[in-house]
Structures are given as C-alpha cells and as structure tokens.
Amino acid sequence: MASRINKLFAKLNQENLDGLIVSSSANISYLTKYTSRESYFLVSEKANIYFTDSRYTEEAEDELRNLAEIKKTNGSVFKIIAHTCLDLGLRRIGFEERCLAYAEYKKIKEELKKKAALIPTYGLIEELRQIKEPEEISKIKKAVQITASALEFIGKFILPGKRELEIVAELERFIRYQGATDSAFEIIVASGTNSSFAHHIPTKRKIKNDELVLIDIGADYFGYKSDLTRVLSSGKISSLEKKIYHIVQEAKNRAIRKIKPAVSIKEVDAASRRYITQKGFGEFFGHNLGHGVGLEVHEEPNISSKNSNVIRPGMVFTIEPAIYLPGKFGIRIEDMVLVTNKGTEVLSGAVV
C-alpha cells in the first residue's frame with residue numbers, strides 16, 4: 001500500500017503539488033487496498049487523511065491502521081477537507097478533474113478562502129493502475145475464471161421461449177455461487193435482432209428458433225473485474241452468421257497475435273480493424289477494439305486507433321472486435337489478455 005502512495009508522491013512532486021484530493025472510489029481503493037464507499041482521501045507527504053461518515057469509520061480505522069488518519073465527517077465533508085488542507089499548510093492542492101463534481105469543487109475552493117490553490121489533475125493514479133501487480137492479476141484471473149464458467153454453464157438455457165431477462169437472472173445467480181462479490185456491470189443478453197445493438201438492455205423478449213444470442217458478462221471478485229462476450233445460438237446457424245462469426249474471430253486473433261511489449265496500441269487496433277475492412281464490413285465496426293480492466297471494467301489503457309502509447313508488461317485489457325448488421329444480428333467476441341515480458345497471455349483461455 002505504502003509503495004503505491006510513494007509512487008504517487010513522486011508524481012505530485014513532478015507536478016509541484018503539496019497534496020491531492022482523491023474522490024474516485026476506484027483510485028482510493030487502489031491506494032489503500034480497501035474498498036472505498038462514499039469517501040474522500042487526501043494524500044500528502046505531511047499526512048494521509050481518509051474522510052468518511054459514521055457508517056464506515058470503525059471499519060476504516062481497522063483496515064487503514066498505520067496508513068491513514070480517519071476523519072469522521074459530520075456536516076459538510078468539503079468544509080472539513082478544505083480546513084484539513086489549511087491546517088496541514090498545503091498551498092497547491094491537486095484534485096481529480098474528471099471525478100470531483102463542480103459543486104464540490106466550488107465548496108472546497110470557497111472554504112480555502114484564497115489561502116491555497118486547487119489545481120486540476122488528470123490520470124495521475126490511473127497511469128499507475130495500468131500496470132497490474134501480482135495480487136491484482138490473481139484476482140482478475142479469478143474473476144475471469146468465474147465468468148468463463150458462467151458462459152459455459154448458460155449454454156443449456158439458450159432455448160426457444162426463454163426470455164433475455166431469465167438468462168440474465170441465471171447468470172447472476174451462477175456467478176454469485178461461484179464466489180463473485182457482484183457482477184462487474186449490467187449483464188447484456190441480446191437475442192435475435194437485438195444483438196445488433198452493441199449495448200442492448202435485456203428485455204422480456206423470448207428467444208426464437210435458430211437465433212443468435214449475444215452475452216456480455218463480467219464478474220467482480222473482491223473489487224477486480226472481468227469482461228467477456230460470446231455469441232451462442234438457439235438452433236441452426238445461417239451461412240451469413242457463420243461467415244461473420246469467422247471474420248470477427250480472425251480479427252480478434254490477429255489483434256492478440258500482435259500484442260507484445262513496446263508495440264503501439266494503435267497497431268493492435270489496426271491489425272483487427274484492417275482485416276474486418278478488407279472483408280467488406282468495416283462500416284459495421286464502430287467502437288474501440290478494447291479497454292483496460294481492473295478495479296473498473298473500463299479503465300486505461302484505451303485500445304483504439306487514436307492511442308499511440310506503447311504496450312507494457314502488466315497491462316490487462318480486452319480485445320473485442322465486432323460486426324453489427326442493423327435489423328439482422330450482431331457478433332462480438334471479447335477476450336481479456338495480460339501482457340507479459342514475452343508477449344501475451346489470454347486470460348479467458350481462448351485459442352488464438
């Protein structure tokens with residue numbers, strides 16, 4: 001825990017900041033290894049202060065012993081944060097510009113009374129989170145294992161007459177019994193023409209004979225997430241469906257084979273997107289190729305054609321090419337990979 005905060009101190013020194021107000025729950029959880037709920041964390045070399053209310057103080061005092069001082073908020077937490085910063089003598093205080101609401105920013109600024117400056121920051125902790133530690137990888141792998149088991153289990157339920165929401169319920173029940181603390185996101189079950197919507201919201205629609213059913217599911221295992229997508233069928237598969245499936249599968253495999261340290265992220269995207277375009281379906285693949293997964297199901301790195309950063313060992317992200325044919329069906333195949341010193345490990349066990 002301390003090593004993570006020490007790494008953040010180095011970044012704060014580079015930015016000439018005396019401290020940082022952390023409001024992102026995922027970032028607080030990363031720095032403290034404690035599941036943060038409705039709390040704020042002030043990080044500085046003078047003191048680390050965890051602000052929370054009476055619902056969580058006893059638990060936080062036990063979990064964060066020797067790491068942070070716990071301040072119980074009774075009244076305006078933003079007034080307490082501001083006065084704490086002043087009491088510590090902080091003058092340049094960073095805040096997470098994407099996470100702190102404007103009304104909250106205004107209240108802290110008002111309470112500082114021009115005795116200290118609030119400095120917007122972007123991605124200081126998210127940059128650290130991109131490289132997963134062994135403990136994090138272990139939890140992610142467990143989340144993936146639960147998710148892969150759920151996708152194998154659900155095959156027997158993909159039958160004509162079953163409703164999308166029924167499938168969701170079976171999946172949620174299964175992952176809980178397998179040890180998941182929660183689902184990583186709202187599970188997607190999209191049958192028939194609904195599968196052409198990338199993020200379809202499951203309905204009471206009944207699966208029909210010989211239809212594709214797209215399932216996008218992730219498990220949360222003690223804070224760490226997984227994210228896999230598979231396409232199943234309630235019967236026969238048409239020649240067009242089979243053709244599209246094989247194109248998407250090959251596009252995924254080409255991207256995964258491209259992954260290794262020092263390769264540009266946009267090159268990985270191109271390996272997949274170029275193949276789909278060559279096959280004549282480029283206009284039907286509009287979203288990014290993938291995204292990082294960890295404490296959040298969507299985090300850095302963003303796997304897209306616009307990202308020129310290079311791949312580094314320890315990164316964990318999805319590869320999820322797709323083709324969506326409006327009014328017909330959609331096929332997306334999503335796997336998770338871990339970048340190693342030599343190349344990549346496909347966490348979901350898929351063959352490439």
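Is C99 buried, exposed or partly exposed? C99 counts as partly exposed, because its relative accessibility is 34%, which lies between the 20% limit for buried and the 50% limit for exposed. This residue comes up again below, under the cysteines.

## Overall form

The model described here is predicted. Its protein chain holds ten helices and 19 strands. The radius of gyration of the chain is 23 Å, close to the 20 Å that the globule rule gives for 352 residues, so the chain is as compact as a globular protein of that length. Taken along the principal axes, the C-alpha atoms fill a box of roughly 70 × 40 × 35 Å.

Of the 352 residues in the protein chain, 54% are buried. The accessible surface amounts to about 16400 Å², and carbon and sulfur atoms contribute 48% of that surface. Among contacts in the chain with a separation of 6 or more, 66% are between residues 24 or more positions apart.

Strands of a sheet pair through backbone hydrogen bonds, either parallel or antiparallel.

Strand β9 (residues 212–217) is joined to β12 by six bridges, and the two run antiparallel. Within this pairing, V213 stands opposite L232 in β12.

## The hairpin of β16 and β17

Strand β16 (residues 322–325) and strand β17 (residues 329–332) run antiparallel and are joined by four bridges. In this pairing, Y324 has G330 of β17 as its bridge partner. Three residues lie between the strands of the hairpin, where G327 takes a positive phi near 80 degrees.

Which residues of β16 point one way, and which the other way? A322 and Y324 point one way, while I323 and L325 point the other way. All four of these residues are buried.

A disulfide is a covalent bond between the sulfur atoms of two cysteines. How many disulfides does the model have? The count comes to zero, by the rule that the two sulfur atoms lie within 2.5 Å. C85 is in no disulfide, and the nearest cysteine sulfur to its own is that of C99, 17 Å away.

C85 is buried, with a relative accessible area of 1%, whereas C99 is partly exposed at 34%.

## T57 in helix α3

T57 has its place in helix α3, which covers residues 57–63. Is T57 buried or exposed? T57 is buried, because its relative accessible area is 13%, under the limit of 20%. Leaving out residues up to four places away in sequence, T57 touches T52, I70 and K72.

Methods:
Residues numbered from 1 in each chain as written. Predicted model: local features only at pLDDT ≥ 70, side-chain atom pairs only at ≥ 80, totals over all residues. Heavy atoms only, no water. Buried < 20%, exposed > 50% of the residue type's maximum accessible area, 1.4 Å probe, protein only. Pairing = 2+ DSSP bridges. Rg over C-alpha atoms; globule rule 2.2 N^0.38 Å. Contact = heavy atoms within 4.5 Å. Areas by Shrake-Rupley, 256 points an atom, 1.4 Å probe, with all protein chains shown as cover.
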